[in-house]
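I opened my notebook today to look up a few things in one protein chain. Here is the model I had on screen, and my entries follow.

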Amino acid sequence: MFHSARIKLTTWYSLIIMLISVIFSLVIYAIVTTELERSLRRAEIRFRGAELNIPASRQRLWHPENMSPLLVADLESAKQRVVLNLLVVNGAILIISAGAGYFLAGKTLKPIETAMEEQKRFVADASHELRTPLTALKTSIEVALRAKKMSVKEAKSILASSLDDIGGLESLANNLLGLTQYQQENSALTFEPTKISQVVQGVFKKILPLAKQKDIEIKLNVPDQVLSASQRSLAEMMFIFLDNAVKYTPQGGQITVTTKTDKKNLVIEVVDTGVGIPQEAIPHIFDRFYRVDQSRSKDKVAGFGLGLSLAKKIIELHRGSVEVNSILGKGTTFRIKLPLKHS
Ligand code: ADP
């Protein structure tokens, strides 16, 4: 599809350039032949006038009726040579413009091709992730329907597990929606003066019940600092890091959130005493749908591998950066740097 589009674009580029080139050639031909004819006439008048002893002052008023046949033949062959030269030049322009057009068309189409590939992969990955919980849901409902007798307890347990699957699907849909929104929002994030302590406190309140369930202590070391940011997106990003810290920290662990400023940036550190991330997995954790060691997290910890890619997108939209340090079995530190101001 992209190859034929490239050929079509090349043809259009070449056609436009050739049209301009042909128009210029016609103008050049008209100018050159007129000038040539005029110069030859003037030369003829001068020579024949001299032969006939006509004074130079009167030569300008003397117009011989016909040019000599020799000069006419010279003029014709000169015109032919001009046409030939213009044809060669136009041929060269056609070859150069076709080559340059093909190259430019490739350059123009490349980002569109990459974006479309990305979109296709996204849809394929999303459909794949949707299918797993949907199949589980369908199977449990089919099993329940086939059962001849069922106690209220059994029915409730099936309903509860179905509700869990629906919850998972809902969170997947929200994450997918978030990702596509941020993809489109590239230039539309509205930055406002945002108190980081307020954002962290808000997220902390939402996370606390989950942390309490696992007896995890969360320490906040977040002074009142103001940065220019999208408050809603920042809260979403902090939720992802804290939610992960809780998810991947075993019972009785500890999480610390610290913020400080370094020259032009606000530095947020989320440190946990969790399971850690293997070194070879670190470069991939921000990829969409990537989950470290499937057997370790999948089935045991809910998630679709979308949280960190969403967080990274938010950081990028704030023109910030994120670093990860992790020791397997000891814990993980995420260090997020966000510019304090946006010009
Ligand atoms: P999800 O948590 O839904 O699997 P994420 O994109 O948020 O997806 O994270 C990707 C992977 O990175 C997770 O599957 C997990 O293995 C790993 N990870 C993220 N945060 C932590 C953390 N604080 N400690 C250990 N592993 C983590």
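**Entry 1: helix α8.** How many of the 11 residues of α8 are buried? I looked it up in this predicted model, and eight of the 11 residues of α8 are buried, so I call the helix mostly covered. Buried means under 20% relative accessible area, exposed means over 50%, and partly exposed is in between (1.4 Å probe, protein chains only). Helices (H or I, at least four residues) and strands (E, at least two) are DSSP runs, numbered from the N terminus.

I wrote down the buried ones in α8: L308, S309, L310, A311, K313, I314, I315 and L317. Their cover includes α4 and α6, along with β6 (321-327) and β7 (331-339). Contact here means heavy atoms within 4.5 Å.

**Ground rules I noted.** Residues are numbered from 1 along each chain as its sequence is written, and side-chain values use heavy atoms, with hydrogens and water left out. The model is predicted: local features need pLDDT of at least 70, side-chain atom pairs count only at pLDDT 80 or more, and totals for chains, interfaces and linings use all residues.

**Entry 2: two positive phi values.** Just after α8, I found R319 with a positive phi of about 55°. R319 sits in the loop between α8 and β6 and is exposed, at a relative accessible area of 57%. K263, which is not a glycine, also has a positive phi, of about 45°. I located K263 in the loop between β4 (254-262) and β5 (265-272); K263 is exposed, with a relative accessible area of 83%. Why did I stop at these? Most residues other than glycine have a negative phi.

**Entry 3: helix α4.** Next I checked α4 (residues 152-184), which has 33 residues. From its first C-alpha to its last, α4 reaches 47 Å, close to the 48 Å expected at 1.5 Å a residue. The expected span is 1.5 Å times one less than the number of residues.

Which residues of α4 are buried? I listed S162, D165, L169, L172, L176, G178, L179 and Y182. Their cover includes α3 (69-146), α6 (231-247) and α8 (307-317). A handy reminder: an α-helix has 3.6 residues a turn, so residues three or four places apart point the same way.

T180 also lies in α4, and at 28% relative accessibility T180 counts as partly exposed. I found T180 and K107 to be 73 residues apart in sequence and 25 Å apart in space, C-alpha to C-alpha.

Entry 4: S77 is in helix α3 and is partly exposed, with a relative accessible area of 27%. From S77 to E117 I counted 40 residues in sequence and 58 Å in space, C-alpha to C-alpha.

**Entry 5: the whole chain.** Along its principal axes, the C-alpha trace spans about 130 × 60 × 35 Å.

Of the 343 residues, 35% count as buried. Among contacts between residues at least 6 apart in sequence, 73% join residues at least 24 apart.
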